[in-house]
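This briefing covers a sheet and a helix, taken in turn. Please keep the sequence and the structure in view while reading.

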Amino acid sequence: MEKVRFYYDPISPYAWLATKQIARIEAAGVHLEMEPVLLAGLLKAHGTKGPAEVPAKREFLFRDVMRIADAHGLPFRGPPGHPFNPLLALRMCLAISSLTSRRRFTFMLSQACWERGLDISSPAVLKQLAAECDLNGEALQAAAGEPAIKQALIDATESAAALGVFGVPTFSYMGELFWGGDRIDLLLRRIAGHRIDEARLKEFLARPALAERQL
């Protein structure tokens with residue numbers, strides 16, 4: 001079965017919205033793998049800012065998210081503050097050896113944050129959520145503090161950045177990246193066999209810049 005890799009950080013409300021469409025992707029006959037990554041690390045690697053760090057984009061982003069949630073009948077509460085620190089949550093994800101349990105906990109993080117309004121940077125909240133997933137939160141938090149797990153998150157983020165992943169949610173399929181929950185329809189078209197003209201893309205990208213913005 002062909003694979004789709006889902007690069008994910010619960011700090012993104014669009015990643016939350018994307019989790020609601022996973023069944024559509026899997027219905028196309030592919031296997032989906034979760035890949036927790038640190039959005040802040042991706043932004044640093046590419047020298048960019050997150051949209052919530054730009055005042056004009058911040059209001060637009062959350063207005064947009066609330067519109068999409070309303071259109072799909074999803075409750076929106078949002079975390080107590082944003083941005084927040086997702087490091088512990090991401091490390092706990094990576095500490096879960098069972099991919100099925102990791103996926104369940106990952107989806108629970110987004111639901112708790114964006115639908116229930118919980119602070120998923122809080123160790124106590126994360127223990128509660130682990131228990132709701134029939135996981136040992138105390139053991140996961142202990143494992144999350146181990147150097148190997150910390151390094152695993154760094155490695156996953158660096159590997160993603162090296163592949164060209166610059167934000168979340170991003171889906172990877174057959175070497176192509178699809179960024180954003182609003183690209184899922186295009187991902188499904190690709191899975192169905194539709195492809196762009198790669199030679200034309202390469203030719204276009206090789207064209208010189210005709211102007212350069214002064215920073």
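A polar contact is a pair of N or O atoms within 3.5 Å; within protein, one must be able to donate a hydrogen and the other to accept it. At the start of helix H11, a side-chain oxygen of Asp-197 comes to within 3.1 Å of the backbone nitrogen of Ala-199. The model is predicted.

**Helix H11 and the surface**

- Four strands form an open sheet in the order S2-S1-S3-S4, with mixed pairing.
- S2 and S4 (176-179) are the edge strands, each pairing on one side only.
- From one strand to the next, the twist averages 25°.

**Strand pairs**

- S1 (residues 3-8) runs parallel to S2, and six bridges join them. Within this pairing, Tyr-7 has Glu-35 of S2 as its bridge partner.
- S3 (residues 170-173) pairs with S4 in the antiparallel sense, over four bridges. Thr-170 stands opposite Trp-179 in S4.

**Burial of S2**

- Five of the six residues of S2 (residues 31-36) are buried, so this strand is largely enclosed by the rest of the structure. Buried here means under 20% relative accessible area.

Methods. Residues numbered from 1 in each chain as written. Predicted model: local features only at pLDDT ≥ 70, side-chain atom pairs only at ≥ 80, totals over all residues. Heavy atoms only, no water. Helix = DSSP H or I, 4+ residues; strand = E, 2+ residues; numbered from the N terminus. Buried < 20%, exposed > 50% of the residue type's maximum accessible area, 1.4 Å probe, protein only. Pairing = 2+ DSSP bridges. Axes fitted to C-alpha atoms, helices over the stretch in contact; angles between N-to-C directions.
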